[in-house]
Structure formats: C-alpha cells, structure tokens
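Please read it alongside the sequence and coordinates.

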Amino acid sequence: MRHSNHGPVLTRMLGDTGSLIFVVVLIALTVAVPLCNVYLPEASALHVTDYTVALIGKYLTYALLAVAIDLIWGYCGILSLGHTAFFGLGGYAMGMYLMRQIGDRGVYGNPVLPDFMVFLDWEHLPWYWHGMDLFPFAMAMVVLVPGLLALVFGWLAFRSRVTGVYFAIITQAMTYALMLAFFRNEMGFGGNNGLTDFKDILGYELSADGIRNALFVASGVGLLLGFLIARFIVTSRLGRVLEAIRDAESRTRFTGYRVAYYKLWIFTVSAMLAGVAGALYVPQVGIINPSEFSPIASIEAVVWVAVGGRGTLYGAALGAGAVNFAKTWLTGAYPEIWPYALGILFVAVTLFLPKGIVGLVSQLRRRMRRKEPS
Amino acid sequence: MKTPALLESFSDRSRVFDFVNRPAAGAKPDVRHGTILYVEDITVSFDGFKALDALTLYVDAGELRCIIGPNGAGKTTMMDVITGKTRPDAGRAWFGQNINLLSLDEPGVAQAGIGRKFQKPTVFERHTVHENLELAMAGARGVWPVLLARLSGEQAAHIDETLELVGLAERRHDAAGSLSHGQKQWLEIGMLLMQEPELLLIDEPVAGMTPQEVERTADLLTRLAGKRSVVVVEHDMEFVRSIARTVTVLHEGRVLAEGPMDTIQNDPRVVEVYLGE
C-alpha cells in the first residue's frame, strides 16, 4: 500500500518501515564494525578482521552504486547497462588524486609524473592531470566528470526518445567504448594496469588501521547520504512524476511534463552518485583499472538490484550486499562456478521473485498475517 | 525544414522569426474574436494515405462541440495534430489568435491550456486517485520546482473539490488501477479539470460505460461547457444527441457537414456515409 505523505520532510523520507530499518542498521554497522575491529581482542568471537573491514567497506560502495541504479531503473524505468562507467570514472578521478600523492616515492622517483608516464618516456603531465593533486578539486571531478558524461549522453538519447532495450544497448556500447579507450596507454590513465601502488590519502598512510576504518566510515556515511538524497527525491512530487514516466510515458507528456528533462536530470544525479561510490571504492581496494568499465560489470550491478528488489532503494543496497557476499564466498570455494551461479540467479529471480528479496519478505509477512485470525 | 527553405526563412523580411514571436510561457490563448481553435487546411498522410485532407474546422470559445464520423475519418489524427503528437504535412493550427500549436511539442500544448482525454482511459495506475489529480494539477512543470513542491491548503482543497465533482472522494487513497472502467474515465476527466485547460479534447468518453454511467458523464460534460471549450469525439449517437449543440461530421479526412444535430441527421450525405450504415 502506498499513499502520499505531505508531512515534514524527515517523516516523509523515513515513513516506511523498510527505509527506517535500513537507516538504523546502516548506522549501527558503520559505528560497530570499526569499534569491533579496533577495541575487541583478536581472540574475541565478535572481533572483525582488517580483511573483513575492507571487504564490507567495498560492499558499502557497491550498495551505493546499486541505489544509484535503482533510482533510475526502479523509479523511472531507465535500464542502464553501463552504470559502472560512471562508477569507474569517479574511481579514476580518485585514483588520479592518489597517484599524485605518491610524489617522488615511485619506483622512478619522479616528483610529478606517475611511474607509468616515466616508463612511457613522457616529459610533461597531460593537461587533464593538472589540479588532481588537490583533494577538493579531485573530489569535485569525482562528481562532475560522471555527471557531465551522463548529461551529454542522456541529452542525446532522451531527446531522441531512445528508451527501453535500445537505451540499454547503447549504454553497453558506451561503457565498452570507455573500456577500450582506457586500455590504451596513450590515454594517460595507465593502460591495462590502471592506477595502483597508492601510498597515502590526505597525508595519511593508506595501509594504516585508522585509515582503513576511516574509509569504512566514509563509505557508510556516503551510502547513508546517497540513500537519503535518493529517498528525498523519490518521496517528492518529482518522484511521483518519475514513476508516472515509468508507467505511462506518453500520458505524462500530455499532462505537460517534459519527459526528456526529467529523465536527463535523474540520470545525471544517478551518475554522480555512482561516481561517488567509485571514488570510495578505489582507496579501499587499492587499484582502478579498465576492467571496471567492462560491460559484464554493469550487468552484474543490475543483477544486484533485481535480486534485492527494485523500486525500494534499500532493496537494491541489500541485493548488492547479498550477491557480493555470495560472490566472495563462491569465488573462494568454487571459483569456476561463479559466472554460472550469477546467470542462474538472474534467471531465477526474474522468473520466481520479480520483486526480489524485499518482495519475498513482504509476501511472507502478508501470508503470516492472514493466518493469524484478527 | 530543408536547408534552402531555412535560408529563405532568414532572408524573408516580411515575417518575424519564430523565436521572436513565440508566446511567453504560460501565455493564455487570445479569444477576443470568439474563436478558440483554428484548424486550417491541415493535411496528414501516412504512406500515401491521406488521414486528413485539407481539414478546416473552427471551435468557438465556451462551445461544446461533438465530432462524429465513421472509423478512419481522421478524428484521432486530428486530435494528434492539435496536441503536438503528429506533425501535419501542411496547414495551420492556432490556439486563440496568438499561440501557434504547430510550434509546440506535447508538453508545450498541454501547458498552453489544451487537455486531452484518450479513447482508452489512461490514468497512472500505480498512483493513488489523489496522486493522479495532484500530478495533473496546473502549475510549475520544471524539474526543480516539482522537486521542492508542497501541496498548499488551497491546492488540497481544489483536489478535494474535483474528487467530489467526479464522484471519487471515497476512493482517494486507492490505486487508480483498482478503479472500474467508468471510474477511470471520470478520474481522467478530473485530471483534465485539474490541468485547468481552456480547451478539452475528449475521445470517446462513454465507450464501454453502463447507461447510468453514460448519463452521469453527459451531465459532467454539459456542466464543463461554458466555462471551457469542449470537443468530444464520440460514436454513441444517443449520447451525442443528449449533449451536442453543434455537430461536425468528418469523412475521409474532411468536414462533410456541420450544424445542429437535427439538420445533420437529415442531411442525405451524412445518412449515406454514416448514419445509414
């Protein structure tokens, strides 16, 4: 059941049980994991290892990417099969900042040029690397570069009323083109090795315990803020216009809404969120390379959202966590099975759980309520 | 527009460029001459088939006009042209004396004050009845204003009034998809009213309705005329007889006859192509 809520903003945003539970659990996780890592002795059953902190931190950034995808797919019906392109660009912007932080500690000891440029006999820093040593500038690029690409790409697509499967296909082409471009050494992004060997961030050593936990907290806060922004949007009248576009695009147009502008706006916002997710991801995994742009990565991200349950936001985040947990476990235990498992999972969810895990839970709850005579 | 024509348009001193005399956003149609809709010499062809053949039609401000005609007469195509969905090959369409409909897209036409009801009821099925009316409500259509929009007391009251008028006050929190066919038709008329259009285009409002529902719809539409201009396309002759003052008969993309219902019914050409069937 859904109903318009025109009360104060916070009750509007956290009015439904699922969202409220999600926010509470997320805050608890963000606080508890670093505490259990630092203050509990290693012998304790509740101790969280360094490895696990980094792993859950990575899941949190994936969850933010999933929220970004659900915002356009679940609410506006725009299926993007190229969203990791925006994630990757945000990641590369962060990676460029981290590369510049290495300074003269690289293998070749060049104070300005990253190692791979020295290796290619480059004499000067390419123009687009300038300013990336400044943290605020680099962080602005984390949102602006994906945002700009989404704006230009979306303008071309939505203005021509490209929708549905055609849109999905051209987003695949977009991310594939980016992957090929970033594989080239001449692009100046480290070719197929990408950017790695990072040393520190904001003057602190990346491998230090404190920084690992700080990045974890940053990812938790990033996911929380991204979720709240998305909730603010979908519970506003704009959110209802987006759903109207999803359900009856032509009718929305005849009601006086410029559908292309709405799609462009939400697509750009979503790309920016994905960029932030990528930027939080890179320092925790220590590398960014063109494989992030691979078409299969984008499809995988869409599967997370489908598994969790689209159109709920928290379902998408949950799906990202669940699928990646399964992936981590399976690729450890039976590495060759994973691609098949992912495919089967997607087919099974599409056939049997069209509303994902979240839909299954609410269905079970309804069934239980019906059994209890009231 | 082909390039030579475009160049010509720049060198043509007798007319002002389109972007100069484009009506300001929110401009009302100028009906000082008593006519709200001018459709002149509109031709539309699909693969050689002329859906509209130099169609000319005028609708007066405040009028309730019925348009009838056999299938394929061009009724829906005419609506498509007026609402910006289909671009005609030739002709002019003006809303009042000041708004060139052919320069606007669908949202532009809707914002200028023309509301359209489709043949098949199209409401936002997953939204509640109340939300459907809220979305249709006249007002800002830009992304940012809509993001920050909040329902004022006055607007809420306006929605309540419309809910009463179309008889859906009890169903306000239900999903529009759960309404009956007739109720959906009324909700759609309610949405049109929320848009506060000067001109309503209504395509087959009583198709598939029970006699009681038809009566109620006739009552609703008659009440609307006067304040607004209403154009109704309908097959149901009984219904047309009950509401119409002036009837226009379309046939093969042209106006075959126009006048009061009694005259029309006795026109031998009309009887031949339509009523006699």
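## Chain B overview

This is a predicted model. Chain B has eleven helices and ten strands. Of its 277 residues, 42% count as buried.

## The six-stranded sheet of chain B

Six strands of chain B form an open sheet in the order β6-β7-β8-β3-β9-β10. Its pairing is mixed. The edge strands are β6(B), residues 114-117, and β10(B), residues 254-260. Each of these pairs on one side only. On average, neighbouring strands are turned by 20° against each other, direction ignored.

Within this sheet, β3(B) (64-68) and β9(B) (246-251) run parallel and are joined by four bridges. B:Ile68 stands opposite B:Val249 of β9(B). Helix α2(B), residues 75-82, lies across β3, β6, β7, β8 and β9 of chain B. Its direction is at about 145° to β7(B).

## The four-stranded sheet of chain B

A further open sheet has the strand order β2-β1-β4-β5 in chain B, with antiparallel pairing. Strands β2(B) (49-60) and β5(B) (99-100) stand at the edges. Each has a single partner strand, so one side of each is left without a neighbour in the sheet.

Strand β4(B) (90-95) pairs with β5(B) in the antiparallel sense, over two bridges. B:Trp94 stands opposite B:Asn100 in β5(B).

## Where chain B meets chain A

The contact involves 26 residues of chain B and 24 residues of chain A. On the chain B side, the elements giving two or more residues are α3 (106-112), α4 and α5 (143-148). The largest share, five residues, comes from α4(B). By class, the chain B side divides into ten nonpolar, eight polar and eight charged residues.

How many residues of helix α4(B) are buried? Eight of the eight, so the helix, residues 129-136, is largely enclosed by the rest of the structure. Among the buried residues are B:Val129, B:His130, B:Glu131 and B:Leu133. The buried residues of α4(B) pack against partners in both chains: α9 (237-247) of chain A, and α6 (153-165) and α7 (181-194) of chain B.

## A helix pair in chain A

In chain A, helices α6 (135-159) and α11 (259-285) pack at an angle of about 150°. Their axes are 8 Å apart. Angles over 145 degrees count as roughly antiparallel, and α6(A) and α11(A) are therefore roughly antiparallel to each other. Their crossing is right-handed.

The contributors from α6(A) include A:Val142, A:Pro146, A:Leu149, A:Trp155 and A:Phe158. Those from α11(A) include A:Leu264, A:Phe267, A:Met272 and A:Val276. By class, this contact has 17 nonpolar, four polar and two charged residues.

## A loop residue in chain A

A:Tyr108 sits in the loop between α4 (84-102) and α5 (115-119) of chain A. Is A:Tyr108 buried or exposed? A:Tyr108 has 12 C-beta neighbours inside 10 Å, so A:Tyr108 counts as exposed.

Not counting residues up to four places away in sequence, A:Tyr108 touches A:Asp115 and A:Val118. The C-alpha atoms of A:Tyr108 and A:Phe119 are separated by 8.4 Å. These two residues are eleven apart along the chain.

Technical notes:
Residues are numbered from 1 along each chain as its sequence is written. Chains are lettered from A and ligands numbered from 1 in the order in which they are written. This is a predicted model: local features need pLDDT of at least 70, side-chain atom pairs count only at pLDDT 80 or more; totals for chains, interfaces and linings use all residues. Axes are lines fitted to C-alpha atoms, for helices over the stretch in contact, and angles run from 0 to 180 degrees between N-to-C directions. Angles under 35 degrees count as roughly parallel, over 145 as roughly antiparallel, 65 to 115 as roughly perpendicular and the rest as oblique. A crossing is left-handed if the near helix is turned anticlockwise from the far one by less than a right angle, and right-handed if clockwise. Two residues are in contact if their C-beta atoms, placed from the backbone, lie within 7 Å. Ala, Val, Leu, Ile, Met, Phe, Trp, Tyr, Cys and Pro count as nonpolar, Asp, Glu, Lys and Arg as charged, and the others, Gly among them, as polar. A residue is buried if 20 or more other C-beta atoms lie within 10 Å of its own, exposed if 12 or fewer, and partly exposed in between; C-beta atoms are placed from the backbone. Two strands pair if DSSP finds at least two bridges between them.
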